[in-house]
Amino acid sequence: MRAQFVMSEIGVGLRRNLTMTFAVIISVALSLALFGGSLLMSEQVGKMKGFWYDKANVTLYLCNKQDAQEAGEAAAKNGTPGVATCAKGAVTEDQKKQIEAELKQMSLVKSVAYESADEAYKHYQERFGNTALASSITPDQMQESFRVKLKDPEKYKVVTSAFAGRDGIHTVDDQRQAIDDLFKILNYLNMAAIGIMLIMLVVALLLIVNTVRVSAFSRRRETGIMRLVGASSFYIQVPFIMEAAVAGLIGALFACVMLVSGQYFVIDHGVGLREKIQLIDFMGWGSVLAKLPYVLFIGLLMPSMAAFIALRKYLKV
């Protein structure tokens with residue numbers, strides 16, 4: 001009988017404040033969808049970091065004759081011979097052997113691969129052979145290089161500081177610097193999503209508090225009668241808390257639908273980002289489904305706690 005009474009009171013309360021209940025559901029759904037999306041975004045960024053950082057190399061480009069000529073002309077023009085990179089001439093065989101030997105002796109270096117000018121020219125033609133610039137490039141303009149794979153990509157600056165500016169080395173290019181810029185942008189976007197989520201959560205909590213306040217005021221006569229007949233404070237508060245919990249749970253279910261729809265229509269089908277952007281290893285259904293229990297739990301707990309706290313102020317029992 002008590003359970004039936006509580007359920008009937010929940011139904012009455014939801015119907016009586018239908019507009020505010022709908023607003024609570026929408027705000028909870030949007031905030032929890034952003035919450036789940038931010039969790040997935042953080043996991044995706046971490047997954048991409050592990051994938052791309054492992055493939056990021058530190059490349060040492062060596063001076064060729066053209067670099068040496070241009071550097072010598074620039075140094076002579078500035079009146080500081082020998083200061084410009086490659087001003088001392090193209091890399092020699094002894095310098096190449098010394099650079100390779102020092103690289104292999106470094107404990108953080110996993111492997112060292114040498115690429116000749118002819119190989120660099122071949123790879124360039126494979127990638128950019130259809131462009132107008134490719135037709136004007138000759139093999140002697142390409143630079144020899146050492147491609148260094150590190151055991152710990154986080155320590156790329158050690159190689160950069162050790163070899164940058166040395167005789168025979170034109171530039172030290174770390175691919176991770178470009179990757180870091182991309183991940184900074186992704187992290188900023190994730191932070192923006194978290195910020196919007198927090199704002200939506202605050203809005204949802206305020207709506208829940210106002211809904212509970214209106215519901216308690218509209219049923220003050222019933223609660224007064226219940227108090228007179230000896231009903232406990234908890235028994236009087238349960239219908240209000242359950243109303244908020246039901247609205248929050250419905251909102252959480254809508255949030256789950258949005259997350260699943262995003263995975264299906266944006267990543268796998270419809271837009272089909274997984275097929276169109278194959279360079280990114282997008283998360284699968286396992287990651288999405290693993291976040292749904294968190295969304296449902298927060299959707300149930302958050303409104304219940306907000307209602308319980310609000311009742312202590314607006315429902316004196």
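Among contacts (heavy atoms within 4.5 Å) in the protein chain between residues at least 6 apart in sequence, 81% join residues at least 24 apart. This is a predicted model, in which local features need pLDDT of at least 70 and side-chain atom pairs count only at pLDDT 80 or more, while totals for chains, interfaces and linings use all residues. Residues are numbered from 1 along each chain as its sequence is written, and side-chain values use heavy atoms, with hydrogens and water left out.

**Overall make-up**
- The protein chain has 11 helices and 4 strands, taken as DSSP runs numbered from the N terminus (helices H or I, at least four residues; strands E, at least two).
- Of its 317 residues, 38% count as buried, meaning under 20% relative accessible area, with exposed over 50% and partly exposed in between (1.4 Å probe, protein chains only).

- Four strands form an open sheet in the order β2-β3-β1-β4, with antiparallel pairing (two strands pair if DSSP finds at least two bridges between them).
- At the edges are β2 (109-115) and β4 (169-174), each pairing on one side only.
- Strands β2 and β3 (residues 145-150) run antiparallel and are joined by 6 bridges; here Ala113 stands opposite Arg147 in β3.
- Helix α4 (residues 93-105) lies across β1 (58-62), β2, β3 and β4, at about 0° to β3 (axes are lines fitted to C-alpha atoms, for helices over the stretch in contact, with angles from 0 to 180 degrees between N-to-C directions).

**Salt bridges**
- The whole structure holds 7 salt bridges (a side-chain nitrogen of Lys or Arg within 4 Å of a carboxyl oxygen of Asp or Glu).
- Within helix α4, Lys96 and Glu93 sit 3 residues apart, about one turn of the helix, and their side chains meet at 2.9 Å, N to O.
- Lys96 is buried at 9% relative accessibility, and a salt-bridge network links Glu93, Lys96 and Glu144.
- Arg166 and Glu102 form a salt bridge at 2.5 Å, N to O. Arg166 lies in the loop between α6 (156-163) and β4 and Glu102 in helix α4, so the pair ties together parts 64 residues apart in sequence.

**A nonpolar patch**
- Phe22, Ile26, Leu30, Ile250, Phe254 and Met258 make a nonpolar surface patch of about 530 Å² (patch residues have over 30% relative accessible area and no salt bridge; like charges are joined within 9 Å, nonpolar side chains (Val, Leu, Ile, Met, Phe, Trp, Tyr) within 5 Å).
- Helices α2 (18-55) and α9 (233-268) each give two or more residues to the patch.
- Phe22, in helix α2, is exposed at 55% relative accessible area.

Conventions. Accessible areas come from the Shrake-Rupley method with a 1.4 Å probe; for residues, only the protein chains shown count as cover.
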